[in-house]
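Trainee: I would like to learn how to read salt bridges and a strand hairpin in a model. Can we work through a case?

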Amino acid sequence: MTDAAIPNQREPGAGQETKRRSVVYTRSKQTRASVLWMDRFARRAISIGGLFVIFTVFAIMFFLVYVAMPLFGAGKVGEAKRYALDQTNGHILSTSIDEYRTLGLELAGDGKVTVFHAPSGRKIAAAAFDFGGAAPGAFARTLQGDDVAFGFPDGTVRLGTLAIDTAVLPASAAPSALEKLPNGDRSDGAAVYSEIPGRQLRRLAPRLALEAPVQVAPSGTAIRFLDYRVGGTAERPLRTFATVDEHGTARLSTAYAQVNMMTGETLTTVSNVEVPTGLAVGDIAAILLNTQGNRLLVATADGAIRRFDTRDPAHAKLAETARLLPQGVRPTALAYLNGENSLIVAGSDRSLSIWTMIDRKSSSTSDGAVLTKIHDLGLQPAPVERLAVSQRTRLFIGADRAGDVALYHATTERRVLSLPSEGAAAPVETLILAPRDNGALAIGRDGAARLWSFDVPHPETTLGSLFGKVWYEGYPEPGYTWQSTSGTDSAEPKLSLVPLIFSTIKGAFYSLVFAVPIALLAAIYTSEFMHLRLRAVVKPLMELMASLPSVVIGFVVALVLSPIVENWIAAVVIAFGVVPLALIGSAFLWQLLPRPLALRLDGAPKLVAFFAALAGAIWLTLAISPLLEHALFAGDFKAWTTGAGSAAPFLFLLVLPLSLILVFGLSGRFFGQSWRGRLRGREYHVAGAWELGRWVALTLLSLAVAAGLAQLLAGGGFDARGGIVGTYVQRNTLIAAFGMAFAVIPIIYSIAEDALGAVPEHLRAASLGCGATNWQTARWVILPTAGSGIFSAIMIGLGRAVGETMILVMATGNTPIMDWSLFNGLRALSANINVELPEAVKDSSLYRTLFLCGLVLFVMTFILNTLAELVRQRFRKRAAQL
């Protein structure tokens with residue numbers, strides 16, 4: 001190294017010694033600009049990120065509200081048109097309209113059919129029914145309106161067809177010289193053509209057909225009442241009609257069609273069976289037949305109805321006589337709702353109600369079913385005289401005596417829309433609801449036609465139907481029901497959210513019952529009693545459990561655990577009592593070890609001994625479960641859940657925890673001080689033996705108290721069956737609770753253990769220095785101080801359980817029922833969204849209801865988190881005072 005490289009060395013000279021000059025380096029106290037810039041950037045980034053998170057949460061909530069709000073919106077009327085048709089001197093029998101509201105038909109009593117362009121009223125040529133100069137005295141049509149029947153004064157009935165055929169044609173197939181109609185439609189005088197996407201045309205044309213007359217009543221006996229239904233299949237249609245002649249004789253007729261394969265001719269054979277009504281024709285107001293032909297209703301003018309059981313037509317019998325209206329009130333209109341299970345009844349007192357048959361096992365009726373009023377739509381402005389029902393929902397329209405027309409929904413008991421009258425003065429003679437429930441056509445006695453278009457997308461959803469009890473047809477009473485789809489179009493959707501909310505709470509509750517004790521006790525043991533070296537291994541392993549996907553847990557629980565639990569269900573139930581007692585007993589046995597040996601074995605050997613005790617408890621449970629099942633549950637636990645055997649054994653298991661708390665609590669309160677004084681100063685293992693004997697004695701006393709309480713409750717009529725215990729199904733709440741507990745335990749454990757570990761060490765040292773044991777320190781110092789963190793852990797676990805989806809989908813039967821039974825299935829809100837959304841049509845009632853499910857789940861978690869934060873703040877204030 002050169003001299004120049006040594007800054008503190010002086011030039012030698014004049015005998016002076018070389019001295020080193022110390023160099024002091026000082027650090028600048030001014031923060032660098034880059035650090036300040038990064039600090040400002042981080043602060044703003046965190047603020048923006050936090051605001052963005054808040055914005056995102058509220059955006060999600062507003063989006064859910066936006067999608068769900070139309071469920072509660074009122075319908076709106078679009079166009080309302082009025083025009084005059086040819087006024088006929090005869091009675092107008094019916095009217096029809098196609099699903100596009102393009103073509104309308106009017107059938108008069110003389111057989112004349114008026115075909116017109118519905119939006120404008122422009123006439124189109126059409127044929128007429130040829131009745132051979134006779135005028136029908138009775139008329140009926142099916143719900144779809146394509147099939148009609150006429151009854152004549154000579155006792156004959158003629159079946160026919162009055163339909164609107166739809167065909168899609170290429171644009172090049174359009175006839176030449178088409179006349180332009182309003183709304184862009186065109187006509188050739190016999191049909192209406194409408195342009196549709198894809199360079200195609202939709203052709204709408206009437207189709208009329210009339211079969212040969214069929215003699216039903218004796219020749220010359222006039223048919224006064226008639227109802228007609230068509231069922232079966234297209235290859236083998238079943239056509240059934242009921243008639244009442246002028247003498248009051250009712251007949252049930254079935255028409256069988258046979259096609260001659262050689263000539264193509266159709267031969268119709270009709271079988272007639274008389275139904276004894278016991279009524280004069282003047283007493284009858286109307287008759288109604290169902291499609292199967294096994295039920296005939298005969299309404300009388302005094303407001304009563306007679307229901308005939310015609311399942312065996314040759315032996316038809318009166319099943320029930322019911323009064324639908326008060327004495328002196330006559331029925332002004334009767335009609336079946338879609339599905340033909342419910343009956344609309346309008347009375348001269350302006351009443352409007354819905355009746356249905358309910359199987360009440362009544363002895364007053366031949367079949368046990370009773371006609372019951374399930375909906376009351378209240379008093380109307382005027383008596384309703386005409387009814388037309390929807391072909392797909394529970395909507396119907398009614399026209400009152402004043403000529404006003406309104407749209408109703410039967411299940412929600414509300415008047416959905418009042419259609420503008422457009423200056424109508426004459427009462428309505430006939431009306432029809434468009435097949436898509438988006439319009440209606442009414443024709444008055446003066447020949448004036450009124451056409452309305454309206455939009456009622458969600459008539460079946462109200463706050464009452466979504467969150468209140470609704471009485472659906474076929475159900476014995478109002479209730480909460482979720483059934484979004486069914487096997488037939490005649491069944492209405494049932495969209496109550498209450499069973500889903502209940503199931504969400506039920507599943508979360510049972511999962512936390514299993515998860516919270518295990519997770520908290522494990523966290524306390526890990527934090528306060530486990531060796532640090534062992535804790536460093538156990539805690540990461542527990543946290544690793546939280547990384548398991550829910551679908552994997554659900555898969556294992558559904559396909560592996562569920563069959564095992566089903567085969568060993570009695571052992572599982574008994575294990576809830578045996579395993580905890582066995583583990584506590586093993587802990588007391590550990591205290592019998594000499595103190596030096598116990599300290600030497602602390603750590604991994606102690607944990608191994610714990611798992612050995614757990615394995616021994618499980619083995620003991622499996623060994624004694626057949627004996628206990630035979631002694632307590634009549635030899636078969638699953639059969640016991642259905643009602644066999646006594647109710648006391650399961651009540652014993654339920655009250656056992658309460659009995660243990662009661663006995664041990666009273667013992668500690670009254671004898672704890674003196675007992676601890678007796679143990680003070682004794683050898684460690686001797687004190688452990690005394691403590692073991694005390695625990696055994698108190699446990700036996702608790703078992704005796706629990707047995708006595710169970711007998712008292714059973715004698716008082718209490719039975720867990722029908723409550724938290726029901727008929728066992730393989731995929732049930734118990735299985736789902738096991739799976740969700742496995743998913744929730746790592747979360748509660750990790751957060752609670754961190755909260756316990758965050759307690760200041762000086763509090764723990766002060767407690768131990770005052771002579772407290774580890775358990776006393778954990779109970780009276782550590783737990784209260786970490787209370788806010790522990791509560792947060794439980795609430796986060798609750799949020800995890802409430803929002804769980806895949807475990808519930810795979811491990812339960814997805815049955816939206818309302819009971820607390822561990823052995824029944826459930827369907828939570830999140831699982832319902834997962835199951836139903838792939839099949840929901842966009843913007844349908846089901847689609848929007850599923851978004852409402854998400855909104856309800858959002859609100860539930862928001863409320864839970866708010867309450868949790870309030871409680872957590874109270875815990876923090878209490879901990880700050882320590």
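Predicted model: local features only at pLDDT ≥ 70, side-chain atom pairs only at ≥ 80, totals over all residues.

Trainee: How many salt bridges does a search of the whole structure find?

Mentor: The search finds 36 salt bridges. To count, a side-chain nitrogen of Lys or Arg must lie within 4 Å of a carboxyl oxygen of Asp or Glu.

Trainee: Where do Asp 39 and Arg 43 lie, and how many residues apart are they?

Mentor: Both sit in helix α1, residues 33-68, and they are four residues apart, about one turn of the helix. Asp 39 is partly exposed at 42% relative accessible area, and Arg 43 is partly exposed at 47%.

Trainee: Which parts of the chain does the salt bridge of Glu 179 and Arg 122 tie together?

Mentor: The side chains of Glu 179 and Arg 122 meet at 2.6 Å, N to O. Glu 179 belongs to strand β9 (residues 179-180), whereas Arg 122 is in the loop between β4 (113-117) and β5 (123-124), so the pair ties together parts that are 57 residues apart in sequence. Glu 179 has a relative accessible area of 41% and is partly exposed; Arg 122, at 35%, is partly exposed.

Trainee: What is the N to O distance between Glu 566 and Lys 638?

Mentor: That salt bridge has an N to O distance of 3.9 Å. The pair links distant parts of the chain, 72 residues apart: Glu 566 is in helix α5 (residues 550-567) and Lys 638 in helix α9 (residues 637-640). Lys 638 is partly exposed, with a relative accessible area of 31%.

Trainee: Which residues are linked in a network of salt bridges?

Mentor: Arg 535, Lys 539, Glu 543, Glu 753 and Asp 754 are linked in such a network.

Trainee: Now the hairpin. Is strand β30 largely buried or exposed?

Mentor: In general, side chains in a regular strand alternate between the two faces of the sheet. In strand β30 (residues 428-433), six of the six residues are buried, so the strand is largely enclosed by the rest of the structure. Here buried means under 20% relative accessible area.

Trainee: In what sense do β30 and β31 pair, and over how many bridges?

Mentor: β30 and strand β31 (residues 439-444) pair in the antiparallel sense, over five bridges. Leu 433 stands opposite Ala 440 in β31.

Trainee: How many residues are between the strands, and which residue there takes a positive phi?

Mentor: The hairpin has five residues between β30 and β31, and Asp 437 takes a positive phi near 60°.

How values were computed:
Residues numbered from 1 in each chain as written. Heavy atoms only, no water. Helix = DSSP H or I, 4+ residues; strand = E, 2+ residues; numbered from the N terminus. Buried < 20%, exposed > 50% of the residue type's maximum accessible area, 1.4 Å probe, protein only. Pairing = 2+ DSSP bridges.
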